[in-house]
Amino acid sequence: QVQLVESGGGLVQAGGSLRLSCASSGRTFSSNAMGWFRQAPGKEREFAAAISRSGISTYYTDSVKGRFTISRDNAKNTVYLQMNSLKPEDTAVYYCAAAGDTFGYRVYTHSNQYDTWGQGTQVTVSS
């Protein structure tokens, strides 16, 4: 069973950057595709970025393309989300999630495709 712990959230001014980390415990991290989701106050949780088990494939929602970068280090059992040029509308609780995967190259964009979630980390972008 994988357990996920996010870190790196905080308060930043618009235009600034943050790097979120999601550390995984357990020996199956490299067998999981990973994703980042976010939930703003009063809104539903939405997909932000995903990376395949191998790290070869990545996918982003349109609103973060060109600003966010997802990456993973399987040796450190950690997935990252580098967020640049942050905007107030990026304010949300950010969650990482893991999806068991046997293909290696697939990414997943729907929350119901993920079976393990972290507790979330707050990102607040001030204008």
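## Charged contacts and strand pairing

Arg67 has a relative accessibility of 10% and therefore counts as buried; the term buried denotes under 20% relative accessible area, exposed over 50%, and partly exposed the range in between (1.4 Å probe, protein chains only). The model is predicted, so that local features need pLDDT of at least 70 and side-chain atom pairs count only at pLDDT 80 or more, while totals for chains, interfaces and linings use all residues. Residues are numbered from 1 along each chain as its sequence is written, and side-chain values use heavy atoms, with hydrogens and water left out.

A salt bridge is taken as a side-chain nitrogen of Lys or Arg within 4 Å of a carboxyl oxygen of Asp or Glu. The count by this rule is 4 salt bridges. The table lists three of them, including the closest N and O distance.

| Pair | Closest N and O atoms |
|---|---|
| Arg67 and Asp90 | 2.7 Å |
| Asp90 and Arg38 | 2.9 Å |
| Asp62 and Lys65 | 3.0 Å |

Arg67 and Asp90 form a salt bridge. This pair links distant parts of the chain, with Arg67 in the loop between β6 (58–60) and β7 (68–73) and Asp90 in the loop between β8 and β9, 23 residues apart. Strands (E, at least two residues) are DSSP runs, numbered from the N terminus. Asp90 is buried, with a relative accessible area of 1%.

Asp90 also forms a salt bridge with Arg38. Because Asp90 lies in the loop between β8 (78–83) and β9 and Arg38 in strand β4, this pair ties together parts that are 52 residues apart in sequence. Arg38, Glu46, Arg67 and Asp90 are linked in a network of salt bridges.

Strand β4 (residues 32–39) has 7 of its 8 residues buried. Strands pair if DSSP finds at least two bridges between them. Strand β4 runs antiparallel to β9, joined by 8 bridges, and antiparallel to β5 (residues 46–51), joined by 5 bridges. Asn32 has Gly100 of β9 as its bridge partner, and Phe37 has Phe47 of β5. The hairpin of β4 and β5 has 6 residues between the strands, and Gly42 in this hairpin takes a positive phi near 75°.

The structure contains 1 disulfide, defined as a pair of cysteine sulfur atoms within 2.5 Å. The sulfur atoms of Cys22 and Cys96 are 1.9 Å apart. Cys22 lies in strand β3 (residues 18–25) and Cys96 in strand β9 (residues 92–100), so the pair ties together parts that are 74 residues apart in sequence. Both Cys22 and Cys96 are buried.

Conventions: Helices (H or I, at least four residues) and strands (E, at least two) are DSSP runs, numbered from the N terminus.
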